[in-house]
Amino acid sequence: MQNKQLPNVHLRKEWDLRVRTWFNQPGRKLRRRQARVAKAAQMAPRPIERLRPAVRCPTVKYNRKVRVGRGFTREELQAAGISANYAATVGIAVDHRRRNRSDESLARNVQRLQEYLAKLVVLPRNVKQRTPEVVQAYRSAVQVAGPVVPLAAAPAPEAPRAVTAAEKQAQAFVTLRQAHGILKSQGKTEKRQAERKEAKANSVKK
């Protein structure tokens, strides 16, 4: 240093007063586990998790993957023969915002609902309506800890094969554009055909 100046670095910033500690993490972990166990024991023999639909991830990049969604739509519940109010009482999640964009997803989730309802044992609140068979099935029921109806395993990938001559000659972009154009001009085409039929019918009458 110049002029033989003595260093006086100001490092006493009392950092220990502004450090956020996390010493209660093991205790919180234990309390959360105890709360989960107590909740599972309280709701037994009902399943711990609710039944949720199988949906595809959004965007073209991830739509090949099927995952668990938020809740079933009204159309899926209606096709399975149950109402949204009843579904909420038997452990079925309901999502009023989701829509069915394809018949494939509708059929897949209706099948999940039917599988769940086939295994479902409902004990009536009215004691007079409880039959011995239902009471015995309720007492012998085992609580499900994981997914109620697991997702089906992903299909195996297709084995490598040679490209056929028809696939080499096919033009994917042209096919898509043609389908888009046909769909866009479908209304105009149908209107034009109807006008031609009407004009031909009028000319025959004259």
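This note walks through selected features of a predicted model, point by point.

1. Ground rules. Residues are numbered from 1 along each chain as its sequence is written, and side-chain values use heavy atoms, with hydrogens and water left out. The model is predicted, so local features need pLDDT of at least 70 and side-chain atom pairs count only at pLDDT 80 or more, while totals for chains, interfaces and linings use all residues.

2. The main core. The largest nonpolar core has 13 residues. Such a core is a set of buried Ala, Val, Leu, Ile, Met, Phe, Trp, Tyr and Cys residues joined through side-chain atoms within 4.5 Å. Buried means under 20% relative accessible area, exposed means over 50%, and partly exposed lies in between (1.4 Å probe, protein chains only). The residues with the most contacts inside the core are L51, F72, L77, I92, L113 and Y116. Helices α3 (74–80), α4 (84–89) and α5 each supply at least two of its residues. Helices (H or I, at least four residues) and strands (E, at least two) are DSSP runs, numbered from the N terminus. In soluble globular proteins, nonpolar side chains tend to be buried together.

3. Around Y116. What does Y116 touch, leaving aside its neighbours within four places in sequence? It is in contact with L51, V90, G91, I92, V148 and V149. Contact here means heavy atoms within 4.5 Å. Two of these partners, L51 and I92, are themselves listed with Y116 among the core residues with the most contacts.

4. A buried arginine. R112 is found in helix α5, residues 103–119. R112 is buried but has no salt bridge. A salt bridge needs a side-chain nitrogen of Lys or Arg within 4 Å of a carboxyl oxygen of Asp or Glu. The nearest side chain of opposite charge belongs to E115, 6.4 Å away. For charge, Lys and Arg count as positive and Asp and Glu as negative; His and the chain ends are not counted. Leaving aside neighbours within four places in sequence, R112 is in contact with L51, R52, P53, A54, V149, P150 and L151.

5. L151 and a surface patch. L151 sits in the loop between α6 (132–139) and α7 (165–169). L151 is partly exposed, at 33% relative accessible area. With V66 and V68, L151 makes a nonpolar surface patch of about 190 Å². Patches are made of residues with over 30% relative accessible area and no salt bridge; like charges are joined within 9 Å, nonpolar side chains (Val, Leu, Ile, Met, Phe, Trp, Tyr) within 5 Å. Accessible areas come from the Shrake-Rupley method with a 1.4 Å probe; for residues, only the protein chains shown count as cover.

6. Salt bridges. How many salt bridges does a search of the whole structure find? It finds six. R56 pairs with E104, their closest N and O atoms being 3.9 Å apart. This pair links distant parts of the chain: R56 is in strand β1, E104 is in helix α5, and 48 residues separate them. E104 also bridges to R108, with the closest N and O atoms 3.6 Å apart. E104 and R108 are separated by about one helical turn because they are four residues apart in helix α5. Relative accessible area is 39% for R56, 49% for E104 and 21% for R108. Another salt bridge joins R161 and E167, at 2.9 Å from N to O. E167 is partly exposed, at 38%.

7. Backbone points to check. The peptide bond from A44 to P45 is cis, with omega near 0 degrees. P45 lies in the loop between α1 (25–43) and β1 (54–56). T59 is not a glycine, yet has a positive phi of about 70 degrees. T59 belongs to helix α2, residues 59–62, and counts as exposed at 53% relative accessibility. Most residues other than glycine have a negative phi, and most peptide bonds are trans.

8. Two long spans. A159 lies in the loop between α6 and α7 and is exposed, at 53% relative accessibility. A159 and S185 are 26 residues apart along the chain, and their C-alpha atoms are separated by 39 Å. A199 is in helix α9, residues 186–205, and is partly exposed at 44%. A199 and D103 are 96 residues apart in sequence and 39 Å apart in space, C-alpha to C-alpha.
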